[in-house]
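The following explanation leads the reader through one structure. Please keep the sequence and the model in view while reading.

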Amino acid sequence: MLRNFLKIYEKYRKVEQLFFGNVDPQCRESLHPKAMRKAQQTLSSLEQTLMDQLPTPQRELFVQYTDAWGTLNALSDLDCFVCGFRLGAQMALDAFKND
């Protein structure tokens, strides 16, 4: 059973490597680079403003919060990527089915 799990894990590990940029089949820029850059600048500015205004004990708590949010966001992105990749593979398989 463990051997089967490891085979399945290794299979999806390749998809995860693609997600993390270790496999780059086609290099491209974001579809909305200006909007993404503006949103990132806004987040950075707001984070810095909060850090400047928070007393020292709450700063560490805020850093932990932003780290946890970043981790959750990254895991969510990975999950969406893998689901989309699987859907694309299923659609490709459906295109070759003989009905």
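In this predicted model, helix H2 passes helix H3 in a right-handed crossing. H2 covers residues 33-53, and its axis comes within 9 Å of the axis of H3, the two crossing at roughly 155 degrees. An angle over 145 degrees counts as roughly antiparallel, and H2 and H3 are therefore roughly antiparallel to each other.

Which residues make up this meeting of H2 and H3? From H2 come Glu 47, Leu 50, Met 51 and Asp 52, and from H3 come Arg 59, Phe 62, Val 63 and Thr 66. Sorted by class, the contact of the two helices comprises 4 nonpolar, 1 polar and 3 charged residues.

Once neighbours within four places in sequence are set aside, Phe 62 is in contact with Glu 47, Leu 50, Met 51 and Leu 54.

Is Val 63 buried or partly exposed? With a relative accessible area of 28%, Val 63 is partly exposed, since that class runs from the 20% limit for buried to the 50% limit for exposed. Val 63 and Glu 47 are separated by 16 residues in sequence, while their C-alpha atoms lie 9.4 Å apart.

H3 spans residues 56-95, which makes 40 residues, and it reaches 59 Å from its first C-alpha to its last. This reach is close to the 58 Å expected at 1.5 Å a residue. The buried residues of H3 are Phe 62, Leu 78 and Val 82. In general, an α-helix has 3.6 residues a turn, so residues three or four places apart point the same way.

Helix H1 consists of residues 2-19 and includes Leu 18. Leu 18 has a relative accessible area of 18% and is therefore buried. In sequence, Leu 18 and Phe 81 are 63 residues apart; in space, their C-alpha atoms are 9.5 Å apart.

How many helices and strands does the protein chain contain? Its secondary structure comes to 3 helices and 0 strands, and along the sequence the chain follows the pattern α-α-α.

Definitions and conventions
Residues are numbered from 1 along each chain as its sequence is written. This is a predicted model: local features need pLDDT of at least 70, side-chain atom pairs count only at pLDDT 80 or more; totals for chains, interfaces and linings use all residues. Side-chain values use heavy atoms; hydrogens and water are left out. Helices (H or I, at least four residues) and strands (E, at least two) are DSSP runs, numbered from the N terminus. The expected span of a helix is 1.5 Å times one less than its number of residues. Buried means under 20% relative accessible area, exposed over 50%, partly exposed in between (1.4 Å probe, protein chains only). Axes are lines fitted to C-alpha atoms, for helices over the stretch in contact, and angles run from 0 to 180 degrees between N-to-C directions. Angles under 35 degrees count as roughly parallel, over 145 as roughly antiparallel, 65 to 115 as roughly perpendicular and the rest as oblique. A crossing is left-handed if the near helix is turned anticlockwise from the far one by less than a right angle, and right-handed if clockwise. Contact means heavy atoms within 4.5 Å. Ala, Val, Leu, Ile, Met, Phe, Trp, Tyr, Cys and Pro count as nonpolar, Asp, Glu, Lys and Arg as charged, and the others, Gly among them, as polar.
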